[in-house]
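Hello,

Here is the structure you will be working with. Please open it first, then read my notes beside it.

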Amino acid sequence: MLPDKDILMPLIEEAAQKAVEIRRDLHMHPEVSSHEERTAKVIADTLKDLGVETRENLGTPLPPDPEHVKAVLTSIIAADSLKDMGISMEDLANMTLPPGHGVMGTLYGDDSTRAIALRADIDALPITEVTDSPFKSQNPGVMHACGHDVHTASLLGTAMVLKKYAAQGGHLPLSVKFLFQPNEEGTGGAASMIAEGVLKDPEVESILAFHVDPTQEYGKVRFFPGIMYAACTDFKITVRGKASHGAHPDLGIDPIPCACDIVLSLQTILTRRLDPASRAVLTIGAIKSGSTTSQIPGECEMIGTIRTLDEKSRDLIEDEMRRLTDSIANAYGCTCETVIGEMYPVLRNDPEVYDTIHSVAEDLVGEENLVASDAPSFSTDDFSFFTSQVKGCYFHLGSTVPGSTEIHDIHSDLFDPDERVIKMAIAMEVFSCLRLMGM
């Protein structure tokens with residue numbers, strides 16, 4: 001039985017209507033990672049109007065070490081350009097960063113020292129929306145194509161319900177933290193928020209979050225038992241040779257054949273060095289070298305990603321990658337620098353929290369509408385930083401209009417979720433939160 005269902009369902013219905021309005025406003029004014037100023041203000045103002053204790057300017061990016069800076073430098077600002085500007089890698093690592101746009105609301109219960117946390121990501125994507133929605137994006141080139149507007153509005157709706165429930169005498173054995181996290185689509189804001197103490201005072205015992213899922217119809221709830229998402233590490237490989245005229249390759253050392261050999265040989269790490277029972281993905285996502293037809297370039301850069309289902313496999317791949325790239329480069333007369341970035345941990349759903357939320361979904365939508373995934377996804381989400389610290393569960397809510405013949409996945413310029421998922425999300429979050437409190 002769902003706790004106080006007769007009392008809570010009218011509150012959920014009322015909050016869902018308000019949350020839909022908020023979602024439409026956020027959808028019309030999307031902001032990309034690290035630029036969520038207006039979004040954060042909407043969130044903070046809503047929480048303050050509710051009378052929920054509010055903390056702002058969270059999620060300030062953690063200063064990376066110089067090696068990590070090298071790994072994530074994009075082709076827009078090359079390392080040589082930074083040198084020309086008189087900026088070193090150490091300068092970048094030690095620079096003062098602007099405050100983040102994360103927001104936390106805390107609703108205190110009977111026990112003000114322990115809490116349940118709920119998380120929503122708030123950033124949008126650099127995508128131009130092409131839907132016919134009457135509330136489509138008004139910010140050129142930016143779109144909520146991943147449903148974070150739905151996540152944010154739903155969590156605000158959950159805050160409305162729980163605050164009003166408590167005000168009417170409803171029982172909250174523990175406190176509740178509402179975490180609105182920036183920069184999920186960028187370098188990840190979860191680790192920064194954790195470093196800033198969002199899991200402390202009151203101490204978070206368990207955490208939950210959801211993601212809209214256009215591969216499932218509205219009304220379906222999808223679960224991943226155990227490991228849900230892979231660990232992820234991005235890398236950059238720079239092969240350096242010797243530039244020369246394209247008509248005289250004998251006077252230079254061409255880095256491109258070396259880079260091509262590296263691309264093909266890297267896959268042998270997965271097929272010949274990794275335990276066959278393990279699963280992993282190693283992808284080269286971009287290669288950049290040269291700018292003209294008549295020159296052999298001096299270097300070739302590659303960037304890519306490693307995805308594994310355990311940290312041990314990731315470490316093995318990293319070690320083998322360094323050994324392999326160095327040896328191939330040496331064989332071609334080149335040198336090679338391999339820089340591997342910081343790792344997103346594996347996202348594991350805690351069995352106890354999973355069972356609790358699964359039972360709530362079964363009571364809300366019926367067992368026939370629960371979808372169990374029998375294998376992890378090699379996608380990633382920085383919610384994994386939260387679940388690596390406290391017990392947690394991440395689940396999917398179907399967001400495609402039932403009977404639709406055309407499905408537009410997340411990150412599509414046509415992504416347009418069924419807004420009824422907002423009410424479903426609020427109900428899932430409210431009842432799961434109370435169940436995790438022991439009600």
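Below is what turned up, topic by topic. Keep in mind that this is a predicted model.

Helix packing first. Helix H8 (residues 255-273) packs with helix H9 (residues 311-331). The angle is about 145°, and the axes are 10 Å apart. The crossing of H8 and H9 is right-handed. On the H8 side, the contact includes Cys258, Ile262 and Leu266. On the H9 side, it includes Leu316, Met321 and Leu324. By class, this contact has 11 nonpolar, 3 polar and 3 charged residues.

Next, the aromatic rings. The count is 8 aromatic pairs. In one of them, the ring centres of Tyr229 and Tyr394 are 6.0 Å apart and the planes are at 80°, so this pair is edge-to-face. Tyr229 is in strand S7 and Tyr394 in strand S16, 165 residues apart. Both are buried. Tyr229 and Tyr394 also belong to one aromatic cluster with Phe224, Phe383 and Phe386.

Last, the salt bridges. The whole structure has 29. Here are some to look up:

- Arg240 and Glu337 meet at 3.4 Å, N to O. Arg240 lies in strand S8 and Glu337 in strand S13, so the pair ties together parts 97 residues apart in sequence.
- Glu318 and Arg322 have their closest N and O atoms 3.2 Å apart. They sit 4 residues apart in helix H9, so about one helical turn separates them. Glu318 is buried at 15% relative accessibility, whereas Arg322 is partly exposed at 31%.
- Arg23, Arg24, Asp149 and Glu419 are linked in a network of salt bridges.

Best wishes

Terms used
Residues numbered from 1 in each chain as written. Predicted model: local features only at pLDDT ≥ 70, side-chain atom pairs only at ≥ 80, totals over all residues. Heavy atoms only, no water. Axes fitted to C-alpha atoms, helices over the stretch in contact; angles between N-to-C directions. Helix = DSSP H or I, 4+ residues; strand = E, 2+ residues; numbered from the N terminus. Left-handed = near helix turned anticlockwise from the far one by under 90°. Contact = heavy atoms within 4.5 Å. Nonpolar A, V, L, I, M, F, W, Y, C, P; charged D, E, K, R; others polar. Phe/Tyr/Trp six-rings, centres within 6.5 Å; stacked < 30°, edge-to-face > 60°. Buried < 20%, exposed > 50% of the residue type's maximum accessible area, 1.4 Å probe, protein only. Salt bridge = Lys/Arg side-chain N within 4 Å of Asp/Glu carboxyl O.
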